[in-house]
Amino acid sequence: MDTIIQLSGFGDTILGYLIPFLFVLTVVVFVHELGHFLVARWCGVAVKVFSIGFGPEIFGFYDRHGTRWRVSWIPLGGYVKFIDDENVASASGRKAYEALPEEERKRSFQGKPLAQRAAIVAAGPIANFLLAIVIFTAIFSAFGERITAAKVDAISPGSAAERAGFKPGDRVISIDGTEINSFAAMQRIVAMSPDQALHFVVDRGGAAVDIAATPERKEITDRFGNTLRIGLLGIQRSASPDDWTLERHDPLTAFVMANKETYFVISRSLGYLYDVITGREAADQLGGPLRIAQVSGQVATAGFIALLNLAAIISVSIGLINLFPIPMLDGGHLLFYGIEAIRGRPLSESTQEIGFRIGLAFVLMLMIFATWNDLIHLKFL
């Protein structure tokens, strides 16, 4: 009986992770591929397949333009396949193009001008950024945000905040020129800036005071049991329920805030990667599909709005990663098009093939590394 109960609980846990994971990834991938698809259609390119997932098809249908819309068994991405693509990675070989009848070449991807090809490729990542902006706008306007003032109620003895000169009663106005309207906004900047000097402006009894402080890098355990390395100052806020306010914003204000939020995610993601490359940060925080599944399940327990917020963040991340100049990714295609624009002719097919293989090897190594991190993080290894 104990074994049955334990297995049942394990199954519930898997479903609790799997369903939110599939929701988040399906929405993000669908919008990414829809960006490619819509701009391709607008440019007159014939699309053979629009697939969510890879591998064998689960179900699908043809639209009136002859495109096969399908859902496949491996839900770790998706693709749009044009009539002159040789494979699902959108590798467009000359043989596939030359095998088309003359009339069909006009509707092929390779038969389009360079600007249109670049627009089709860039449309996927751009669609991801737009999705994030739409989600953030909806959250800020329809659901609002809970706000408590960025006020210092207590300071931990021996902390970075005490050494910097913070005093109980201080209210943080800005950090590095960024206006701070809530304690959560201050926490987020501090948490993502370990060992980095920050310039604070605080309101102390009606007077503006400048404070320079460097958050200390600390390991903490969140409420889900995940171990995180973040920046901490040692500032405490003992907010009572009366201190919280729910603020809903008009659509225009929410839209502006959504753009700022999207930019924040992009800048902090690039900042983390820079810190990894320069050795200031460990790469063990890089996660793959297992980590996304875990976080999706955990966030889902906090409610649908939190899951939508996660979907927006992942959408920005996928859009950003796809813009990296790595052959096989959208950014790699754009790199080749940039070289073509400078040279006045495309790179040779053999050169592009070599680049594609290098890019494939890099992406596979990155996936293996991220999955290894996931397994260690989840204590499977």
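Me: Is the crossing of H4 and H7 left-handed or right-handed?
Reply: H4 passes H7 in a right-handed crossing. Right-handed means the near helix is turned clockwise from the far one by less than a right angle, and left-handed means anticlockwise. Helices (H or I, at least four residues) and strands (E, at least two) are DSSP runs, numbered from the N terminus.

Me: Before I go on, what am I looking at?
Reply: This is a predicted model: local features need pLDDT of at least 70, side-chain atom pairs count only at pLDDT 80 or more, and totals for chains, interfaces and linings use all residues. Residues are numbered from 1 along each chain as its sequence is written, and side-chain values use heavy atoms, with hydrogens and water left out.

Me: Thanks! What angle do H4 and H7 pack at?
Reply: About 130°, with the axes of H4 and helix H7 (residues 251-277) 8 Å apart. The axes are lines fitted to C-alpha atoms over the stretch in contact, and angles run from 0 to 180 degrees between N-to-C directions. H4 and H7 are therefore oblique to each other; under 35 degrees is roughly parallel, over 145 roughly antiparallel, 65 to 115 roughly perpendicular, and the rest oblique.

Me: And what class are the residues of the contact of H4 with H7?
Reply: They split into 11 nonpolar, four polar and one charged. Ala, Val, Leu, Ile, Met, Phe, Trp, Tyr, Cys and Pro count as nonpolar, Asp, Glu, Lys and Arg as charged, and the others, Gly among them, as polar.

Me: What about H4 and H9, how do their axes cross?
Reply: The axes of H4 and helix H9 (residues 304-322) come within 8 Å and cross at roughly 155°. That pair is therefore roughly antiparallel, and the crossing of H4 and H9 is left-handed. By class, the contact of H4 with H9 has 16 nonpolar, five polar and no charged residues.

Me: Which residues of H4 meet H10?
Reply: Leu 114, Arg 117, Ala 118, Val 121, Ala 122 and Pro 125 (contact is heavy atoms within 4.5 Å). Across from them in H10 are Asp 330, His 333, Leu 334, Tyr 337, Glu 340 and Ala 341. That makes eight nonpolar, one polar and three charged residues in the contact of H4 with H10. The axes of H4 (residues 114-143) and H10 (residues 330-343) come within 9 Å and cross at roughly 160°.

Me: Switching to the sheet: what's the strand order?
Reply: Four strands form an open sheet in the order E6-E5-E7-E8, with antiparallel pairing. E6 (178-179) and E8 (207-213) stand at the edges with a single partner strand each, so one side of each has no neighbour in the sheet. Two strands pair if DSSP finds at least two bridges between them.

Me: How many bridges does E7 form with E8?
Reply: Seven, in the antiparallel sense, with E7 covering residues 198-204. Phe 200 stands opposite Ile 211 in E8. Phe 200 in E7 also stands opposite Ile 175, and E5 (residues 171-175) and E7 pair over four bridges.

Me: What's the phi of Asp 176 in the hairpin?
Reply: Asp 176 takes a positive phi near 50°, and the hairpin of E5 and E6 has two residues between the strands. In E6, the bridge partner of Ile 175 is Thr 178.

Me: Last one: where is confidence lowest and highest?
Reply: It is lowest in helix H8 (residues 289-300), at a mean pLDDT (the predictor's confidence in each residue, from 0 to 100) of 66, and highest in H4, at 95. Over residues 1-12 the pLDDT is below 50, and beyond near neighbours in sequence this stretch has zero contacts in the model.
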